Amino acid sequence: MSPSPVKDYPRTWSEFLDWFSSEEACLAYLERLRWPQGFACPNCGGTTPPYRASRIRLLCRDCGHQSTVTAGTIFDKTRTPLKVWLAAAWYVTNQKLGVSALGLQRVLGLGSYQTAWTMLHRLRRAMVRPDRGRLKGVVEVDETYLAITDRKAPISPEGRKNNTSKVLIVLAVEILQPKGFGRIRLRRIETDADVSVIPFVQASVEPGATVKTDGSAAYRSLKSLGYGHQRNVMLGSDVAAHVSMPGVHRVASLIKRWILGTHQGSVQPAHLNAYLDEFVFRFNHRTSRSRGMLFYRLLQQAVVTNPVTYGDIVVPAEEPAEVGEWN
Ligand SMILES: [Zn+2]
């Protein structure tokens, strides 16, 4: 059953304030999202209603295991009140183009930029549903370069320009009939060779789908991997790209505008995939009529998404993550 306003999520900021006036109310809401069928012990799976050892401690009556509704989720061990977390989730989903860490810090009156930044990154992690299906039907796939500025890098004598780097990303866009675009997937890649693009296609597109690419030889093996493959050999002109690959062309320009607008072009290259995840979430939910529904979906995913600590985020692996994780 799909969630409904009034019953499952607030519709306006004023309703939001009524719904989440206390930490208890926030905890009860997250419990309902995490255990829609009622409490299930994370240790033994027992479904006997737990003993409440304190405001947040739940004690399993079957095995004695102690847990909290936030354990093992993106809210794990946070010192930020849940009211602030939910307000952040509300703000992030209500701003059509999202928000920068600085913007979030200001609007929530947070004491530290780092807190705002960490919250945003944890919320981004919850934007990827682990069980989401791969793209189907006709799917355009192409690569493009993004120019991004690393504000944290030391400024060279020649100025900020030298902190701007070009990074390569690969895009997949479902093409609907008779017109329009469906869902998308994005990922940063190291090269435009087959070793980068083929695992992305396999993780993002269902075999049997028809993949449209340019003339690049990197996609040669798609047919042998069970995909239909349409190669559009282009003659090096942007107009040709616009006409023959309208989906990737459109999405690429939206991403560029988003990074320049919401983030002033400043994204640390090591975190680019997290930003791309946020863009995918926004794009794939662009037809959601209610922003409250988006808030509900984000929190629903947040209570089943593994925690991530500041340490995990600031020391990311230099290598791109396993593509399997991306699916
Ligand atoms: Zn138990």
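## Zinc site

In this predicted model, the zinc ion sits in a tetrahedral site, with angles of 105 to 112° among its four donor atoms (four donors count as tetrahedral if all angles lie between 85 and 135 degrees). The protein donors are the SG atoms of C41, C44, C60 and C63, 2.3 to 2.4 Å from the metal. Donors here are N, O and S atoms within 2.8 Å of the metal (3.2 Å for Na, K and Ca), and water is not among the atoms, so sites may look incomplete.

Along the sequence, the donor residues follow the spacing C-x2-C-x15-C-x2-C.

## Cysteines

C41 and C60 are each buried at 4% relative accessible area, and C26 is buried at 0%. Buried means under 20% relative accessible area, exposed over 50%, and partly exposed in between (1.4 Å probe, protein chains only).

As for disulfides (pairs of cysteine sulfur atoms within 2.5 Å), the count is zero.

## The whole chain

The protein chain has 12 helices and eight strands; these are DSSP runs, with helices (H or I) of at least four residues and strands (E) of at least two, numbered from the N terminus. Of its 327 residues, 46% are buried.

## Ground rules

Residues are numbered from 1 along each chain as its sequence is written, and side-chain values use heavy atoms, leaving out hydrogens and water. Local features need pLDDT of at least 70 and side-chain atom pairs count only at pLDDT 80 or more, while totals for chains, interfaces and linings use all residues.

Notes. Four donors count as tetrahedral if all angles lie between 85 and 135 degrees; four count as square planar and six as octahedral if opposite donors are over 155 degrees apart and all others between 65 and 115; anything else is irregular.
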